[in-house]
Amino acid sequence: MTKPTQELMHCCLYFTANALSRKITRLAEDCFRGTGLSPSHAFLVMLVVENPGIVPTELSRHLSLAPSTITRLVDA
């Protein structure tokens with residue numbers, strides 16, 4: 001990659017934020033690998049343990065996940 005292209009990519013918040021997000025996702029997946037759960041699934045379980053009776057809508061809001069994703073994780 002040429003120097004101007006590298007500078008353009010490093011100065012672009014969109015690409016920089018996405019690159020950081022991918023790295024954080026890999027780190028979280030590595031940390032939770034021993035549990036057999038994805039990070040989202042593990043945090044869902046922690047929320048349910050801390051908040052018995054929490055409804056899927058609340059879980060969806062807290063985890064910033066689609067309701068269908070919450071349903072899939074709960075079913076699993």
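How many disulfides does the count come to?

A: The count comes to zero disulfides, where a disulfide is a pair of cysteine sulfur atoms within 2.5 Å. Cys11 is in no disulfide, and the nearest cysteine sulfur, that of Cys12, is 8.9 Å away. This is a predicted model, in which local features need pLDDT of at least 70 and side-chain atom pairs count only at pLDDT 80 or more, while totals for chains, interfaces and linings use all residues. Residues are numbered from 1 along each chain as its sequence is written, and side-chain values use heavy atoms, with hydrogens and water left out.

Cys11 counts as exposed because its relative accessibility is 68% (buried means under 20% relative accessible area, exposed over 50%, partly exposed in between, with a 1.4 Å probe and protein chains only). Cys31 is also exposed, at 58%.

Next comes a helix. Arg22 lies in helix H2 (helices are DSSP runs of H or I with at least four residues, strands are runs of E with at least two, and both are numbered from the N terminus). Arg22 is eleven residues from Cys11 in sequence and 18 Å from Cys11 in space, C-alpha to C-alpha. With a relative accessibility of 48%, Arg22 is partly exposed. Thr25 is in helix H2 and is partly exposed at 38%. Between Thr25 and Pro39 there are 8.5 Å in space, C-alpha to C-alpha, and the two are 14 residues apart in sequence.

Helix H2 (residues 13-32) packs with helix H3 (residues 39-50) at an angle of about 65°, and their axes are 9 Å apart. The axes are lines fitted to C-alpha atoms, for helices over the stretch in contact, and angles run from 0 to 180 degrees between N-to-C directions. On the H2 side, Ala28, Glu29 and Phe32 meet Pro39, Ala42, Phe43 and Met46 of H3; contact means heavy atoms within 4.5 Å. By class, this contact has six nonpolar, no polar and one charged residues. Here Ala, Val, Leu, Ile, Met, Phe, Trp, Tyr, Cys and Pro count as nonpolar, Asp, Glu, Lys and Arg as charged, and the others, Gly among them, as polar.

His41 is in helix H3. His41 counts as buried because its relative accessible area is 13%. A polar atom of the His41 side chain lies 3.2 Å from the backbone oxygen of Leu73. Apart from neighbours within four places in sequence, His41 is in contact with Leu73 and Ala76.

Leu73 leads on to the core. The largest nonpolar core has seven residues: Leu44, Ile54, Leu59, Leu63, Leu65, Ile70 and Leu73. H4 and helix H5 (67-75) each supply at least two residues of this core. A nonpolar core is a set of buried Ala, Val, Leu, Ile, Met, Phe, Trp, Tyr and Cys residues joined through side-chain atoms within 4.5 Å. In soluble globular proteins, nonpolar side chains tend to be buried together.

Leu65 is in contact with Ser40, Ser60, Ile70 and Leu73, leaving aside neighbours within four places in sequence. Ser60 lies in helix H4 (residues 56-63) and is buried, at 11%. The Ser60 side chain reaches the backbone oxygen of Leu65 at 2.4 Å. Not counting residues up to four places away in sequence, Ser60 touches Leu65, Ala66, Pro67 and Ile70.

Key:
A polar contact is a pair of N or O atoms within 3.5 Å; within protein, one must be able to donate a hydrogen and the other to accept it, and residues adjacent in sequence count only if both atoms are side-chain atoms.
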